[in-house]
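Visitor: I'd like to learn how to read helix packing and pockets in a model like this one. Could you walk me through it?

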Amino acid sequence: MTQRRSKGQAREELVVQAATQMIAERGLANVRVSDVAARAGMSVGHVTYYFPSKAALLMRAIRQSEGSLADQVGIEIQRVRDPWKRLDRLVELSASTGPSDPGWLLWFEVWSNAGLDPEIARVHDELDGAWRAVLADVLRYGCDKGAFEVDDPIRAASVLSALIDGLSIRLTLGSAGLTRKDLLRLCHDAAEAQLRPARSTQGRAARDA
């Protein structure tokens, strides 16, 4: 029984990997179940056994993508003791890496389908809320350490998250005049303006720049 379950999990993982790649490459509307099956090296019946619809594939793909990111974030940011460096590292891990970033292309598909599919909308709200909660925790950490001054970390996280999302969309689309370095600098500058760092922190940030 255990061996059978492991084999089933391995097959499901192959389907998810294939779907993730193809959705990022073509967009959900242009991906057929038969395409996913061919890339995964299995029959259409096997794919539909695990995922009865393309929407189910999309939801699993974005959950897996975000789960992998969450695991990496959880490990890496705990190693960073300085509040500003911890916040910068979180932005580095979560923001787009450049044009056609696969993780962000998946999010494009989630956004475009969430308005028509309540279940995709629910998954979107769940994952987006979890990300903002991580950001809010980092802001609380900075407040506890005396590096940040903000009355409402949840509200501040919403504002910063919207900025990261907006700039990441532009970078993923290859907007002219925006580089990843620009994105990270803009996010840091906006955080400084919103979190009202103490004078000593501002001075250190100026020296680091």
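Predicted model: local features only at pLDDT ≥ 70, side-chain atom pairs only at ≥ 80, totals over all residues.

Visitor: What do I need to describe two packed helices?

Guide: Two packed helices are described by the angle between their axes and by the distance between those axes.

Visitor: Which residues of α4 and α5 make the contact?

Guide: From α4 you have Leu 69, Gln 72, Val 73, Glu 76, Ile 77 and Gln 78, and they meet Arg 86, Arg 89, Leu 90, Leu 93 and Ser 94 of α5. Sorted by class, that contact holds five nonpolar, three polar and three charged residues.

Visitor: How do α5 and α7 cross, left-handed or right-handed?

Guide: That one is left-handed. The axes of α5 and α7 come within 9 Å and cross at roughly 165 degrees, so α5 and α7 are roughly antiparallel to each other. On the α5 side the contact uses Pro 83, Arg 86, Leu 87, Leu 90 and Ser 94. The α7 side includes Trp 131, Val 134 and Tyr 141. By class, the α5 and α7 contact has nine nonpolar, two polar and one charged residues.

Visitor: What about α8 and α9, at which angle do they pack?

Guide: Helix α8 (residues 153-172) packs on helix α9 (residues 180-195) at about 165 degrees, with the axes 10 Å apart. That makes α8 roughly antiparallel to α9, and the crossing of α8 past α9 is right-handed. Among the contact residues are Leu 160, Leu 163 and Leu 167 of α8, plus Leu 183, Leu 186 and Cys 187 of α9. The class count for this contact is 13 nonpolar, two polar and two charged residues.

Visitor: Which elements give two or more residues to the lining?

Guide: Those are α4, α5, α6 (102-114), α7 (118-144) and α8. The largest share, 12 residues, comes from α4. By class, the lining of this pocket has 16 nonpolar, 11 polar and four charged residues.

Notes:
Residues numbered from 1 in each chain as written. Heavy atoms only, no water. Contact = heavy atoms within 4.5 Å. Helix = DSSP H or I, 4+ residues; strand = E, 2+ residues; numbered from the N terminus. Nonpolar A, V, L, I, M, F, W, Y, C, P; charged D, E, K, R; others polar. Axes fitted to C-alpha atoms, helices over the stretch in contact; angles between N-to-C directions. Parallel < 35°, antiparallel > 145°, perpendicular 65-115°, else oblique. Left-handed = near helix turned anticlockwise from the far one by under 90°.
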